[in-house]
Amino acid sequence: RHEWPTLSRTRILTMMEVGISESEAAQHTGVPQQTISRWARQEPPSERWQNTRSGRPRKLNPRDLRHLIRILRWNWEGRRLSWAKLGQEAGLKVPSHTIQSALAIEGYTRCKACKKPFIDHDTQKARLAYSVAYSDKPTEWWRKHIYSDEV
């Protein structure tokens with residue numbers, strides 16, 4: 001079986017759209033008339049692939065995903081739920097790794113919160129003394145200073 005280049009096929013289909021018959025196109029290009037009529041019977045690629053889906057259907061549709069995100073963003077308790085409990089809360093029967101990967105695509109991930117260091121008694125006194133000493137300074141004076149948590 002001979003594979004015809006896409007350029008030949010496109011040229012022949014264009015000829016037929018203009019009004020040239022299949023037999024004339026076959027004589028002009030050297031492609032068999034039977035091949036040309038088969039190409040003419042096939043629906044165009046844009047229509048052929050419009051209703052097809054490549055691959056397996058998704059377990060979570062966009063509506064389910066929005067519902068999961070709504071639960072996550074609702075309050076602190078929603079953010080603390082495990083992936084499995086989040087799925088149960090949403091009424092979904094999908095594995096937790098499915099929820100995890102779907103939310104990761106949307107930019108949601110989990111991580112442990114960083115622990116802040118303990119502020120000892122001496123540091124507390126020093127901070128209080130600093131705030132009392134400079135509490136009367138205007139806003140412009142404070143804007144000129146950069147602190148370590150702002151860098």
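On the face of helix α5 turned away from its buried side sit the exposed residues P62, R63, R70, R73 and W74. Here, exposed means over 50% relative accessible area, buried means under 20%, and partly exposed lies in between, with a 1.4 Å probe and protein chains only. What you see is a predicted model, in which local features need pLDDT of at least 70, side-chain atom pairs count only at pLDDT 80 or more, and totals for chains, interfaces and linings use all residues. Residues are numbered from 1 along each chain as its sequence is written, and side-chain values use heavy atoms, with hydrogens and water left out.

Which residues of α5 are buried? They are D64, L65, L68, I69, I71 and L72. These residues lie on the same side of α5, because they cover an arc of only 155° around the axis, the arc being that of the directions from the helix axis to the C-beta atoms. Among the elements that cover the buried residues of α5 are α6, α7 (83-90) and α8.

R73 belongs to helix α5 (residues 62-74) and has a relative accessibility of 61%. Apart from neighbours within four places in sequence, R73 is in contact with R79 and Y108; contact means heavy atoms within 4.5 Å.

I turn now to helix α6. How many salt bridges does the structure hold? It holds 1, and the partners are the side chains of E77 and R80, at 3.9 Å from N to O. A salt bridge is a side-chain nitrogen of Lys or Arg within 4 Å of a carboxyl oxygen of Asp or Glu. Both E77 and R80 lie in α6 (residues 76-80), 3 residues apart, or about one turn of the helix. E77 is partly exposed at 47% relative accessibility, whereas R80 is exposed at 55%.

Finally, the protein as a whole. It has 10 helices and 0 strands, where helices (H or I, at least four residues) and strands (E, at least two) are DSSP runs numbered from the N terminus. Of its 151 residues, 19% count as buried.

As for confidence, the mean pLDDT is 84, and 88% of the residues reach 70 or more; pLDDT is the predictor's confidence in each residue, from 0 to 100. Where pLDDT is low, the predicted coordinates should not be read in detail.
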